[in-house]
Amino acid sequence: LKRDFNALGQGTFDLIVIGGGIVGAGVARDAALRGLNTLLVEKDDFGCGTTSRSSRLVHGGLRYLRMFDIKLVHQDLHEREILLNIAPHLVHRLEFVIPLLRSRPLYRFTLPFGLRLYNLLSHGTSLPSSHRLSVGETLRLEPSLSDTAGLVGAYVYYDCQSEYTERVCIENILDASSNGTCVLNHAMMTDVIVKDNRVNGIVVRDMQTGEERQAQGRIILNASGPWANAVLQKVGLERKHHIRKTKGIHLITDKMTNNALVLFARRDGRLFFIIPWLDYSLIGTTDIDYPGDPAKAQAERADVDYLVTEIRHYFPGFKENDILYTQAGIRALVPHGRKASSTSRAHRLIDHERRDSLPGFVSILGGKHTAYRVIAEEAVDLVCQKLGIEIACRTAQTPLPGAPAVKKERLETAARESGLPLKMVAHLADIYGSRYTSVLELAAGDKRLLDPIVPGRQDILAQLKHAIVEESALSVSDFMVRRSFIGLGPEQGLDAVGVVAQEMGKLLGWNKTEVEKQIKDYRAEAALGQRFRS
Ligand SMILES: Cc1cc2nc3c(=O)[nH]c(=O)nc-3n(C[C@H](O)[C@H](O)[C@H](O)COP(=O)(O)OP(=O)(O)OC[C@H]3O[C@@H](n4cnc5c(N)ncnc54)[C@H](O)[C@@H]3O)c2cc1C
């Protein structure tokens, strides 16, 4: 991936996308596959916003059935199947257990109807239907529930998980780039250019150098997620199309369960999850209005108390001390005047030419990660219509660059040939899919690159070079939490940050001051999640 700031100012792009989260990345890929000359700018790093803070489920969502959002659930179950096909290395089936308690007769009565409807809406997809378990069967499947008072059985159903949602985003970016899109991370849109009452470009600041340039475009698309209000403000439309921002947090703990558990909070009846994720459990989430800067969101005392109290109804021994770290993310919801947790997750595509007499400008507000591909398809259909181009969308059939998932025999051969333990090669394939070979190829000429970044860990030095050369990692944080996942472990990678900064510094030409700044910035970022660690 070549980050080419000089491409700005050389001619007019068909489409400029503001925001490199999953939605912007999906739009850029779709547009590139249809042959549009596209630019994407991301002010920080690809996927660093809400995209990296989700529950990582690729699902229709039982919660949204309770809100009677049947159209949304149906659409997302269809998308789940498409993602299983185009990203089998990153999207996996997950078993969900819903424990049934004697004290909650209402759920015992309503759940069978909800699950039957979910099965019906999933019809034609590859995942099995739900079924009921006795107490004995429940405990055999999920022994962790043995201390749950009043357990009378469970329902099991199936959905999907993408452990590395950030990688789904990056792979969309990589594919967009290899199909001709100019993609720039650490490049912020600082202004929208309006001439003769038409939007025809943006001003972009290279956050690496401070240099600003103009980029001309025929259509400018705002895919800035929870920052949408700030972008709309540039064209005076923030009041008219205001988004509602709500915060959701997760607790990360040692692994508590074999399966994903769906639990119901006593306080407000909300549904929350305990999800096996990597070697840990991801527990959440919450849903509270959040007026502040999305970049500064963090778990607060009230958020943590809510989850800890509710977890204890099922796991009486659970303690705040069990929290390894927390994450917080901001949803961008299209307001409907309802309370935060019952506001629809449906997206809205706004053609500002039609709505606000402002040609050249389009916004995508809201939407779930699961639906990113179809949201992008709808947006690029509109862009094509405006540009007078008729080319069909190909993203539902075109696998992401790391597909397919790698077979075990292939990994064994790679382990033999490279001299790396099988476990380490498998780890690379988990992250990069079939592109793990490009990481190993880098080490072919320099065996030192096969060394682990930190002794005893599975990540190797070649990943650092790969992240910089192939995937435009420009900061320690880019590498720690969005290219590799060293930063998602219990220590949030704080034991590796020094080595990573030194090694990246050698490749990117950082001086001592810059290396120290990178370490300090990453520590500050990690500290946001450490507040409730004992
Ligand atoms: C707690 C929580 C749990 C969730 N769980 C799930 C789930 O399990 N399944 C699911 O399907 N969905 C889930 N979601 C929703 C999902 O995460 C979001 O729908 C999705 O990530 C939104 O992506 P996005 O690209 O719109 O926004 P973002 O990822 O936030 O991307 C917007 C990007 O725009 C950039 N940007 C902003 N302003 C500018 C500018 N001026 N110039 C350049 N770039 C700019 C930002 O830096 C950011 O990277 C969850 C959300 C939350 C908060």
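Residues are numbered from 1 along each chain as its sequence is written, and side-chain values use heavy atoms, with hydrogens and water left out. Because the model is predicted, local features need pLDDT of at least 70 and side-chain atom pairs count only at pLDDT 80 or more, while totals for chains, interfaces and linings use all residues.

The core is a handy place to start. In the largest nonpolar core there are 153 residues, and Leu221, Ile311 and Met480 touch the most other members. Such a core is a set of buried Ala, Val, Leu, Ile, Met, Phe, Trp, Tyr and Cys residues joined through side-chain atoms within 4.5 Å; buried means under 20% relative accessible area, exposed over 50% and partly exposed in between, with a 1.4 Å probe and protein chains only. Helix H10 (residues 372-387) supplies the largest share of this core, 10 residues. Helices (H or I, at least four residues) and strands (E, at least two) are DSSP runs, numbered from the N terminus. Setting aside neighbours within four places in sequence, Leu221 is in contact with Leu15, Ile16, Val17, Ile18, Val27, Val362, Ile364, Ala379 and Val383, where contact means heavy atoms within 4.5 Å. Another core, of 24 residues, lies apart from the largest one and has Phe13, Cys182, Val192 and Ile202 among its members.

Helix H12 (residues 422-432) has its own set of buried residues: Met424, Val425, His427, Leu428, Ala429, Ile431 and Tyr432. Their cover includes helices H6 (165-178), H11 (408-418), H13 (436-444), H14 (461-471) and H15 (476-483). Just after H12 comes Gly433, with a positive phi of about 60 degrees.

Next come the helix pairs. H13 and H14 pack at an angle of about 110 degrees, their axes 9 Å apart. Here axes are lines fitted to C-alpha atoms, for helices over the stretch in contact, and angles run from 0 to 180 degrees between N-to-C directions. Angles under 35 degrees count as roughly parallel, over 145 as roughly antiparallel, 65 to 115 as roughly perpendicular and the rest as oblique, so H13 and H14 are roughly perpendicular to each other. Ser438, Val439, Leu442 and Ala443 in H13 meet Ala462, Gln463, Lys465 and His466 in H14.

H15 and helix H17 (residues 512-527) have axes that come within 8 Å and cross at roughly 45 degrees, and are therefore oblique to each other. On the H15 side the contact is made by Val476, Ser477, Met480, Val481 and Arg482, and on the H17 side by Gln518, Tyr522 and Glu525.

Helices H3 (residues 70-86) and H4 (residues 105-121) pack at about 50 degrees with axes 9 Å apart, which makes this pair oblique too. Ile70, Val73, His74, Leu77 and Arg80 of H3 meet Leu117, Tyr118 and Leu121 of H4.

Lys247, in strand S11 (residues 244-254), counts as buried at 6% relative accessibility. Lys247 and Ser52 are 195 residues apart in sequence and 13 Å apart in space, C-alpha to C-alpha. Gly317 sits in the loop between helix H8 (301-312) and strand S16 (323-333) and is exposed, with a relative accessible area of 56%. Gly317 and Pro404 are 87 residues apart in sequence and 42 Å apart in space, again C-alpha to C-alpha.
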